[in-house]
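Subject: Structure for you to look at

Hello,

Here is the structure I said I would pass on. My notes follow below it.

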Amino acid sequence: IPPEVLITKRKGIDKKYQDDLKKMKELTEFKDVDIHAYNISRLNQALDELGPQIKIYFVIPPVYPPYISYQKPSTRAYANQVLQELSKQRQNVTILPTPPTDLFADNEFVDPEHLSASGAIKFSNYLNKLICTPSNLKSL
């Protein structure tokens with residue numbers, strides 16, 4: 001698919017998302033809204049728009065190790081469960097393993113959830129090795 005087609009599709013997805021959020025807010029003011037179900041629905045819509053011919057990779061990004069202890073264990077487990085279900089339902093979706101927490105030094109985070117420039121380069125190299133090395137993909 002030519003890049004201009006993907007960009008056009010993306011603009012349509014973004015506009016639809018903004019329109020849906022506005023409508024939801026007007027109708028419900030986010031009362032009694034299952035935001036998880038809504039987000040999963042939006043993710044499925046985006047995947048439908050992209051189509052089965054495009055290979056999709058998901059990874060839960062690294063976070064500052066002490067921050068993990070403040071998260072509910074069920075939060076990351078739920079995210080993993082949702083992604084695993086997507087990969088079972090769609091042949092073009094692959095879930096990449098979260099990098100080990102000891103891969104990043106403390107100074108490679110600018111805050112608990114965001115990598116610094118050097119951390120982002122390291123994360124990109126990690127993903128590149130997984131995605132671009134055929135033997136790594138076969139083991140996923």
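Pro73 and Lys88 of helix H4 are exposed; please keep in mind that this is a predicted model. On the other side of H4 from these two, Val82, Leu83 and Leu86 are buried. Seen down the helix axis, the buried residues of H4 fall within an arc of 90 degrees, so they line one face of the helix. An α-helix has 3.6 residues a turn, so residues three or four places apart point the same way.

H4 covers residues 73-89. At 1.5 Å a residue, its 17 residues should span 24 Å, and the end C-alpha atoms are 25 Å apart, which agrees.

What lies over the buried residues of H4? The cover includes helix H2 (35-50), strand E1 (56-59) and strand E2 (93-96).

H2 has 16 residues and reaches 23 Å from its first C-alpha to its last, close to the 22 Å expected. Its buried residues are Tyr38, Arg42, Asn44, Ala46 and Leu47. Just after H2, Gly51 has a positive phi of about 90 degrees.

The two helices, H2 and H4, have axes that come within 12 Å and cross at roughly 30 degrees. The crossing is right-handed. H2 contributes His36, Ile40, Leu43, Asn44 and Leu47 to the contact, and H4 contributes Tyr78, Val82, Leu86 and Gln89. Of the residues in this contact, six are nonpolar, three are polar and none is charged.

Regards

Notes: Residues are numbered from 1 along each chain as its sequence is written. This is a predicted model: local features need pLDDT of at least 70, side-chain atom pairs count only at pLDDT 80 or more; totals for chains, interfaces and linings use all residues. Side-chain values use heavy atoms; hydrogens and water are left out. Helices (H or I, at least four residues) and strands (E, at least two) are DSSP runs, numbered from the N terminus. The expected span of a helix is 1.5 Å times one less than its number of residues. Buried means under 20% relative accessible area, exposed over 50%, partly exposed in between (1.4 Å probe, protein chains only). The arc is that of the directions from the helix axis to the C-beta atoms. Contact means heavy atoms within 4.5 Å. Axes are lines fitted to C-alpha atoms, for helices over the stretch in contact, and angles run from 0 to 180 degrees between N-to-C directions. A crossing is left-handed if the near helix is turned anticlockwise from the far one by less than a right angle, and right-handed if clockwise. Ala, Val, Leu, Ile, Met, Phe, Trp, Tyr, Cys and Pro count as nonpolar, Asp, Glu, Lys and Arg as charged, and the others, Gly among them, as polar.
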